[in-house]
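Please read the following briefing alongside the sequence and the model, with attention to the backbone geometry of individual loop residues.

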Amino acid sequence: MSDDDSSPYGIKINSIGSALPASSALLADALSCSPELISRAVYTAPSQLFSSLDFKTAEKAHDVLSKLGFDVEITRGKSEKEEEKRLFDIAVYLSSPLDLTKVVKELSVFLGLHESQVQNMLMAFPPLVLGHVSQSTVDAISNRIPQAQVFAYNPNEGHYYSRLINVKKENVTNDSSIQCHQIGDDVFIEGLSFEQTKRFWRQFNSKCQVLHHSLLRAELVALKIDRSESKAIDYLINCVGMPEAFVNAIDTYLPLKLYEPRPISILKEEINQLKDIGIYCELVPLWEDFSRLHLTSVSVKNMEAINKILRTFFAEEYSLLNTKHNNRDTFHVFSEKPTLLNYFAEELLSQNGCDVIVEPSMRLKINHLKRLEFHENTV
């Protein structure tokens, strides 16, 4: 492209390409412009970054962006008004605590944040990572962390769930268009439009929590199993991955969590299918909740690994000095943490020979199976 025309030149970012959004600050310095402008253009690509540059400046900007890995082009003339984009919020769910360190490192490099900040985001509820980004940014994050489940959703589309804390179902305004469920001390409402959630916010104030349907996950808990149904036995052995000896004594373990958390929309379909083969279940929505981790026994030979795990998850409490006596047993009780974090710590500690109990604040009596015991075959 020559510079023999007086028309202004511009730079269009087609996609992130192989670049890191975290390079926005470096790019802003090189191009002498606002980091916020760069970040907005990068996260919402394709987008017009500049539109009134001389040719030499446009060429310099194109060269800098290309070397950083962005897919860019020089445009000419007045930039057309960009169409309204479909933007997404991104949440990242980890499938296994074994992937935590790797995912944290990848995201910290990608986002330009400290690893502790990224871990806090992943442990939050919901685990939101970025807001108002384009599909190309969603794809870039998904490709960067294949070990995790990346959910992208438009907050203005779809329906919402609401949790009313310490509220009885009869105290909720009767409305035939909504579905209310009493679970423990709380009421769960599904199928709400964003406008409908505002009414519950006003009515219940701090007792009300709202979550987009794409982000709500749940546990499938078996309450009763008809052992005379051969399909039920086959399902538990071949799909859930339970040993046959365990299945033969399963009544003593009920209620029993069948899977690790999954999107509630998937489990709502599965619960009816399981009922048809003699497995009667309940869905337990996983909302923001806190719990205490009880470490009831420790493998002395694995103390180095155990202390490393405890330092990672419980910081100053890892020395096991915080003890509480209950009958003849000694419990190492850690202060309340997000339940997701405690479940991750529980699995890692169990793999290192510890006996661990997570006591959720919701006080639901569920046997939380260690994933690696039975869930290798889980699809």
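Asn166 is exposed, at a relative accessible area of 52%, where exposed means over 50% relative accessible area, computed with a 1.4 Å probe and protein chains only. The model is predicted, so that local features need pLDDT of at least 70, side-chain atom pairs count only at pLDDT 80 or more, and totals for chains, interfaces and linings use all residues. Residues are numbered from 1 along each chain as its sequence is written, and side-chain values use heavy atoms, with hydrogens and water left out.

- Asn166, which is not a glycine, has a positive phi near 55°, and its place is in the loop between strand 7 (160–164) and strand 8 (179–183); helices (H or I, at least four residues) and strands (E, at least two) are DSSP runs, numbered from the N terminus.
- Asn205 is likewise not a glycine, yet has a positive phi of about 50°, and this residue lies in the loop between helix 7 (194–204) and strand 10 (208–212).
- With a relative accessibility of 59%, Asn205 also counts as exposed.

**Cis peptide bonds**

- Ala45 and Pro46 are joined by a cis peptide bond with an omega of about 5°, and Pro46 is found in the loop that runs between helix 2 (35–43) and strand 2 (47–53).
- Leu254 and Pro255 are also joined by a cis peptide bond, here with an omega of about -5°, and Pro255 lies in the loop between helix 9 (244–248) and strand 12 (256–257).

How values were computed: Buried < 20%, exposed > 50% of the residue type's maximum accessible area, 1.4 Å probe, protein only.
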